[in-house]
Amino acid sequence: MPPAGGGAVPGAWDEYWRLSRETSALKGGGPLDEVLARFWQRVLGRPLSAGSRLLDIACGNGAVTAAAVGTGTAVAGAAGLFGIDRAEEAVRAYRARFPTGKGVAGDARRLPFADRCFDLVASQFGIEYAGEAAFGEAARVTAPGGLLAAVIHRTGGAIHRECAGNAAAMARVAASGILPAAREAFRRGAAASRGQGSRAAFRAADARLAVAVRQIEGVLAEFGTRVAGGTVQRLYQDLAHMFGRLAAYDPADVAAWVDLMAREIEAYSGRMEAALGAAMDGDGLARAAAQCEARGLSVLAREELRVGPEGGEPAAWMLVCERD
Ligand SMILES: C[S@@+](CC[C@H](N)C(=O)[O-])C[C@H]1O[C@@H](n2cnc3c(N)ncnc32)[C@H](O)[C@@H]1O
């Protein structure tokens, strides 16, 4: 079982939701968007009646809640909207997006809700971060006649492979030492331009930075400029821009930029590692389904979600269960 939170570095998701309040965790724009939209349309097809309640587990800024509202399942006032996430920043984003909804900060392994109190319990790339037992916990809060539906990271699937590529690229960026090298080169460069410090020390720092930059170029050549959501490319371009105008930059601003990039890279790597740790293989999915059955739910569907032409390739799992 993956550790709680899928092994994310503390705050990795907070950092994400603080900066990306309006973008779901899956940046999207690709064919998976359509597959997910179809899945949620199917699951959310039956409108909830007045007084019924929906729980979005590991909600982030509420991608599933938005789908429910979009399909009319949860037309304003018809359903109580609840979202729970361990990251407080995610909960803030959820509350901002759904002012009538109830965003709760908490762990999916111990839901702070009564037994059988939600008509729809849903999660998109979320519940698996809390481990297999969280499926039993989600089943516990599913009401009679209610549904539990989840889209889950799949080991070896298209998203898993992308996360593995992103994680590998980020590990190479960290190992290149580009940020400490940039900090040192800028500091020495600024001193040299004021006639302070030794020019030889600046040249040595500059040479170390050049080596690191070549490594980053290697990462971009191997993984492409869009790897890690464009973070590596942005780092490279920012650096080139600043280095080309060394004298125009206050060293304190450059140091702040280095700190920011370091935090961003650590958080991004943490999220990728968490996604890789959370992904389930077929056996894991079977055990998650068994957790639901042990809590009295019947499995309606346990399948792959595939993307791409001609039947596509596996991208994720979907699990749909019902309480009679
Ligand atoms: C990939 S994001 C998915 C967010 C959202 N469902 C979406 O589709 O945009 C995973 C989310 O799971 C949350 N998370 C990780 N471990 C958790 C846990 N043990 N309990 C609750 N939320 C958790 C993270 O904070 C993060 O917001």
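Glu-264 is buried, with a relative accessible area of 16%, where buried denotes under 20% relative accessible area, exposed over 50%, and partly exposed the range in between, computed with a 1.4 Å probe on protein chains only. The model is a predicted one, in which local features need pLDDT of at least 70 and side-chain atom pairs count only at pLDDT 80 or more, while totals for chains, interfaces and linings use all residues. Residues are numbered from 1 along each chain as its sequence is written, and side-chain values use heavy atoms, with hydrogens and water left out.

The partner of Glu-264 is Arg-234: the two form a salt bridge whose closest N and O atoms are 2.4 Å apart. A salt bridge here is a side-chain nitrogen of Lys or Arg within 4 Å of a carboxyl oxygen of Asp or Glu. Because Arg-234 lies in helix α9 (residues 231-244) and Glu-264 in helix α10 (residues 251-278), the pair ties together parts that are 30 residues apart in sequence. Helices are DSSP runs of H or I with at least four residues, numbered from the N terminus. Arg-234 itself is partly exposed, at 34% relative accessibility.

By the stated criterion, the structure has 17 salt bridges. One of them links the side chains of Glu-89 and Arg-92, with an N to O distance of 3.0 Å. Both residues belong to helix α4 (residues 88-97), where they stand 3 residues apart, about one turn of the helix. Glu-89 counts as buried at 14% relative accessibility, whereas Arg-92 counts as partly exposed at 39%.

A further salt bridge brings together the side chains of Arg-109 and Asp-107, at 2.7 Å from N to O. In this pair Asp-107 is buried, with a relative accessible area of 13%, and Arg-109 is partly exposed, with a value of 30%.

The cysteines remain to be considered. A disulfide requires a pair of cysteine sulfur atoms within 2.5 Å, and by this rule the count is 0. For Cys-117, the closest cysteine sulfur is that of Cys-59, and a bond is ruled out because the two sulfurs are 15 Å apart, which is too far. Cys-163 is likewise in no disulfide, the nearest cysteine sulfur, again that of Cys-59, being 19 Å away. Cys-117 is buried, with a relative accessible area of 17%, and Cys-163 is buried as well, with a relative accessible area of 9%.

How values were computed: Helices (H or I, at least four residues) and strands (E, at least two) are DSSP runs, numbered from the N terminus.
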